[in-house]
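This report describes how one protein chain is folded, moving from the whole chain to its parts. Please keep the sequence and the 3D view open while reading.

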Amino acid sequence: MERAVTSQPGMKSKIRRVDAYLVDLMPERPRTDAIQSFVKQETIFVEVENDEGAVGVGYAYTIGTGGRAVLAHLRHDLLGLLTGEDANQIEAVWQKLFWSTHGTVVGAITSLALAAIDTALWDLRCKSLGQPLWRLAGGAKREVPLYDTEGGWLQLSTEELVEGAIAAKRQGWPGVKVKVGKPRPGEDFERLSAVREAVGADLDIMVDANQSMTYAEAKRRAQLFEPLQLFWFEEPLPAEDMSGHARLAASTSIPIAVGESIYSPSHFREYLAAGAASILQPDVARLGGITPWLKVAHLAETFNVKVAPHFLMELHVSLAAAVPNALYVEHIPQLRSITRESLQISNGVAVAPDTPGIGIDWDFEKIDHLKVE
Ligand SMILES: [Mg+2]
């Protein structure tokens, strides 16, 4: 154990200081999909310190816009409500904040703000108890498989996709994601066929349309893709179009994966109840933090559905390890420039960090250097 337990069971952990700031991180490589480019990662940090001097650090992110709005929401509306609260009553604090800003929920800006606070509280809780997140949040298993997304962006040529997939297979990744949504369906098909032909049958290939299609277009492409043995078809339609997802799921044998654009556990329940999603991809930042993320994972379990969280592998690996129904974590490294130690990965399998806290070894010198607000 790295550090001594600082809290006694049953003791209050009174919040005495909170802070929020923003760090801009450039993507490690160009990332384009059918609807957008990953311009920069606006990383919104929250620090929560208790009356014993222990500090929890949490964060949320955007892919280029809105980060300053999240920061302003935190500073203007939310952080002031934390002082004096018991940091161990995470659910009570989350509910207090949620209801305090009820005119702006459920919404992306508020969910991201809540997530930055909630992950800071979990970090503080884990550190206070001397436990890693993966164990404190459930402790289902230590290791989680990853699939690689970095070789499958939409701007890449077919040759580059094929090279990326072959390299990924050689490096031991069990799966790769390829973006779809080219103007002509045949172009998507040719690109995917080339990848499948190059890697053979024993590599999972996920495809992701990033909400770019109509139901009719997604149905046509799903039929076209059927012979390619795809692992899942991700975000074929806008997240609002739940009935479209339900019809699509009924019309194809390819599992439909959704979740990165869903901001509330209740919306996940609607998807599950409608049979509109075969795999859930909850994003801890967009959902409002670890507290709601765990609810979604457990909810999925009751429907016999697996979760494969979206992005944020540095945090999601511990959450996926915490629950029994995690399928995959997505490999997109994005924190290497502000952390001292990278996620431990070998042969496509990540090991959840065993240090007390949420498992991210921040380099605060570099973070200070990159602070923009
Ligand atoms: Mg996606």
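The secondary structure of the chain, taken from a predicted model, comes to 12 helices and 13 strands. Along its principal axes the C-alpha trace spans about 60 × 40 × 40 Å. A compact globule of 373 residues would have a radius of gyration near 21 Å, and the chain, with 20 Å, agrees with that expectation. Buried residues make up 49% of the 373 residues, and among the contacts with a separation of 6 or more, 73% are accounted for by residues 24 or more positions apart.

The chain is divided into domain 1, residues 15–130, and domain 2, residues 135–362. The C-alpha centres of domain 1 and domain 2 lie 23 Å apart, and the contact between them takes 32 residues from domain 1 and 32 residues from domain 2. On the side of domain 1 that touches domain 2, the elements giving two or more residues are E1, E3, helix H2 (90–100) and H3. Of these, H3 gives the most, with 12 residues.

Several of these elements belong to an open sheet of three strands, which has the order E1-E2-E3 and antiparallel pairing. Strands E1 and E3 are the edge strands, since each pairs on one side only, and neighbouring strands of the sheet are turned by 20° against each other on average, direction ignored. Strand E2 pairs with E3 in the antiparallel sense over eight bridges, and Thr43 stands opposite Tyr61 in E3. Strands of a sheet pair through backbone hydrogen bonds, either parallel or antiparallel.

Two helices lie against the sheet. Helix H1 lies across E1, E2 and E3 and runs at about 170° to E1, while helix H3 packs on the sheet, touching E1, E2 and E3, with a direction that makes about 150° with that of E3.

| Element | Residues |
|---|---|
| Strand E1 | 15–25 |
| Strand E2 | 41–50 |
| Strand E3 | 55–62 |
| Helix H1 | 67–78 |
| Helix H3 | 108–129 |

Which residues have the most contacts inside the largest nonpolar core? They are Ile44, Ala116 and Ile205, in a core of 111 residues. The largest share of this core, 12 residues, comes from H3, and the core draws at least three residues from each of domain 1 and domain 2. In soluble globular proteins, nonpolar side chains tend to be buried together. Among the buried residues of H11 are Met313, Glu314, Leu315 and His316. What covers them includes H3, helix H4 (133–136), strand E4 (143–148), helix H10 (290–302), strand E11 (329–331) and strand E13 (349–351).

Note on methods. Residues are numbered from 1 along each chain as its sequence is written. This is a predicted model: local features need pLDDT of at least 70, side-chain atom pairs count only at pLDDT 80 or more; totals for chains, interfaces and linings use all residues. Two strands pair if DSSP finds at least two bridges between them. Helices (H or I, at least four residues) and strands (E, at least two) are DSSP runs, numbered from the N terminus. Axes are lines fitted to C-alpha atoms, for helices over the stretch in contact, and angles run from 0 to 180 degrees between N-to-C directions. Two residues are in contact if their C-beta atoms, placed from the backbone, lie within 7 Å. The radius of gyration is taken over C-alpha atoms; the globule rule is 2.2 Å times the number of residues to the power 0.38. A residue is buried if 20 or more other C-beta atoms lie within 10 Å of its own, exposed if 12 or fewer, and partly exposed in between; C-beta atoms are placed from the backbone. A nonpolar core is a set of buried Ala, Val, Leu, Ile, Met, Phe, Trp, Tyr and Cys residues joined through C-beta atoms within 7 Å. Domain bounds come from an automatic or database domain assignment.
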